[in-house]
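Please read the following briefing alongside the sequence and the three-dimensional structure shown here.

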Amino acid sequence: DCMMPNLDGFQTTYIIRKMLYNNLVPQCIIVAVSGNTDSTNKNKAFKSGMNKCLYKPVNWTELD
């Protein structure tokens, strides 16, 4: 979730990607989940290292 309290999805993604760069965790796919459908939010998700952006309510068929 992009807007989690304390540590949001953007910050979490940054930490995970940094750990991947240092070979501390295996490669993974990160999917943003947000209620904010603004294109700025989607761009921020991709810039932070997320692979895909879904909007709430999530349509499970989008997870292909």
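Buried means under 20% relative accessible area, exposed over 50% and partly exposed in between, with a 1.4 Å probe and protein chains only. This is a predicted model, in which local features need pLDDT of at least 70, side-chain atom pairs count only at pLDDT 80 or more, and totals for chains, interfaces and linings use all residues. Residues are numbered from 1 along each chain as its sequence is written, and side-chain values use heavy atoms, with hydrogens and water left out.

**Helix α1**
- Helices (H or I, at least four residues) and strands (E, at least two) are DSSP runs numbered from the N terminus.
- The buried residues of α1 are G9, F10, T13 and L20; they cover an arc of only 95° around the axis (taken from the directions from the helix axis to the C-beta atoms), which puts them on the same side of α1.
- These buried residues pack against α2 (39-47), where contact means heavy atoms within 4.5 Å.
- At the N-terminal end, D8 caps α1, with a side-chain oxygen 3.0 Å from the backbone nitrogen of F10.
- After α1 comes N23, which has a positive phi near 60°.

- Apart from neighbours within four places in sequence, A45 is in contact with F10, A32, M50 and C53.

**S34 in strand β1**
- S34 lies in strand β1 (residues 31-34) and counts as buried because its relative accessibility is 2%.
- Leaving out residues up to four places away in sequence, S34 touches C2, N41, L54, Y55 and K56.

Definitions and conventions
A polar contact is a pair of N or O atoms within 3.5 Å; within protein, one must be able to donate a hydrogen and the other to accept it, and residues adjacent in sequence count only if both atoms are side-chain atoms.
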